[in-house]
Amino acid sequence: MPSGDDTGSGDPVLDGCLDIAVDECQTCACNLCLDPLYACEQDAGCVAMRDCAEQYGCEGADCLEPCGAVVDMYGGPFGASGALALALSDCLAAACPICF
């Protein structure tokens, strides 16, 4: 029986994401880019690329110069991690411009 104080979405992944979101960008990412965000979180290479992109304030192919070493370390831009990172970057650029 559901409790009266349950304010979650009913989706444990979304609720978990929103619980740790610390700014408007992260909240947007949880709400509008949850699938690519979750997929990225499961891949160490994608997380490293995302962290680098956040550090340098870049997106997509623009991150190849400042984050090239990280990208290359995890299979290059067309490797599995790169594909996950690009999918997340593309979603954020389209749905969450506040992130850039």
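Which residues does Leu-92 touch, not counting residues up to four places away in sequence? They are Ala-29, Cys-33, Pro-97, Cys-99 and Phe-100, where touching, or contact, means heavy atoms within 4.5 Å. Keep this in mind as you go through the views.

View 1. Residues are numbered from 1 along each chain as its sequence is written, and side-chain values use heavy atoms, with hydrogens and water left out. The pLDDT is the predictor's confidence in each residue, from 0 to 100. The protein's average is 92, and 93% of the residues score at least 70. Over residues 1-5, however, the pLDDT is below 50, and this stretch has zero contacts in the model beyond near neighbours in sequence. Where pLDDT is low, the predicted coordinates should not be read in detail.

**View 2. The largest nonpolar core.** A nonpolar core is a set of buried Ala, Val, Leu, Ile, Met, Phe, Trp, Tyr and Cys residues joined through side-chain atoms within 4.5 Å. Here the largest one has 24 residues, of which Cys-30, Leu-37, Cys-67, Leu-88 and Leu-92 touch the most other members. H1, H2, H3, H4, helix H5 (68-73) and H6 each supply at least two residues of this core. Helices are DSSP runs (H or I, at least four residues), numbered from the N terminus.

**View 3. Helix H3 meets helix H1.** Within helix H3 (residues 34-41), Leu-34, Pro-36, Leu-37 and Cys-40 are buried. The axes of H1 and H3, lines fitted to C-alpha atoms over the stretch in contact, lie 11 Å apart at an angle of about 80 degrees. The angle runs between N-to-C directions, from 0 to 180 degrees. That makes H1 roughly perpendicular to H3, a label for angles of 65 to 115 degrees. Val-13, Leu-14 and Cys-17 of H1 make the contact with Leu-34, Leu-37 and Tyr-38 of H3.

**View 4. Cys-91 and Glu-65, buried or exposed?** Cys-91, in helix H6 (residues 80-95), is buried because its relative accessible area is 18%. Glu-65, in the loop between H4 and H5, is exposed, with a value of 77%. Buried means under 20% relative accessible area, exposed over 50%, and partly exposed in between (1.4 Å probe, protein chains only). Leaving aside neighbours within four places in sequence, Cys-91 is in contact with Leu-32, Cys-33, Pro-36 and Cys-96.

Methods
Parallel < 35°, antiparallel > 145°, perpendicular 65-115°, else oblique.
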